[in-house]
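Student: I am new to this structure and would like to go through it with you, step by step.

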Amino acid sequence: MSSFDVIGKEITRRDAYDKVTGRAEYVADLNLPGMVYGKMIHSPVAHAIFKSIDTSKALALPGVVDITTFEDIPEIPYTSCGHPRPYDTPADLFIYNRHARYVGDPIGCVVAETPEIAEEAVRLLTYEYEELPFYLTPDEAM
C-alpha cells in the first residue's frame, strides 16, 4: 500500500490568509524603481495587411521609451494550443501580426514611463494598411 501525505486530506494553503485579508501582493501590485509599462498596439480593423506603422509622433512624446511593431520582430510562427503535444497543432501565430485577422489582433507594443503615456502614444500612431474582405455569416463565406 502507498502512503500519501496530501491526497484525501485537508491542507491549508500557505497563501490563504494573505489572500482573504487583502495582504497578498500580486505582480500587478509591484512598483519597482525604473519600472516601465507596456501597452499593446491592436489592429483597429477586422482584416488587413499592415504595410507600416508611423511611430514618429509617439516616439517624440516625452516618457515613451520604445515602440516595437511587426516590422521589428521576425515572423517566427508558434502555436498557442496550450496542451503538452503542440506538434499536431498548426503554428500559425506570430508575436505581432502584419496580417491582422480581427479587430484587436496584436501588431505592436509601446513601452513608456507611465500607463497614461503609453495610452497616449498608441493614440498618436498612424497606420498604412490594405483592408481585406471579411465575412460574418456562413452564407457570405461560401
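Student: Which residues have the most contacts inside the largest nonpolar core?

Tutor: This is a predicted model, in which local features need pLDDT of at least 70, side-chain atom pairs count only at pLDDT 80 or more, and totals for chains, interfaces and linings use all residues. Residues are numbered from 1 along each chain as its sequence is written, and side-chain values use heavy atoms, with hydrogens and water left out. A nonpolar core is a set of buried (under 20% relative accessible area, 1.4 Å probe, protein chains only) Ala, Val, Leu, Ile, Met, Phe, Trp, Tyr and Cys residues joined through side-chain atoms within 4.5 Å. The largest one has 20 residues, and those with the most contacts inside it are Ile 41, Phe 50, Ile 67 and Val 110.

Student: Which helices and strands each supply at least two residues of this core?

Tutor: Helices (H or I, at least four residues) and strands (E, at least two) are DSSP runs, numbered from the N terminus. Those that each supply at least two core residues are β2 (48–54), β3 (64–69), β5 (106–112) and α3 (115–124).

Student: Is Leu 30 buried or exposed, or in between?

Tutor: Leu 30 is found in the loop between α1 (16–21) and β1 (37–42). Exposed means over 50% relative accessible area, and partly exposed lies between that and the buried limit. With a relative accessible area of 36%, Leu 30 is therefore partly exposed.

Student: What is the radius of gyration of the chain?

Tutor: The chain has four helices and six strands. The radius, taken over C-alpha atoms, is compared with a globule rule of 2.2 Å times the number of residues to the power 0.38. That rule gives 14 Å for 142 residues, so the chain is more spread out than a compact globule, with a radius of gyration of 22 Å.
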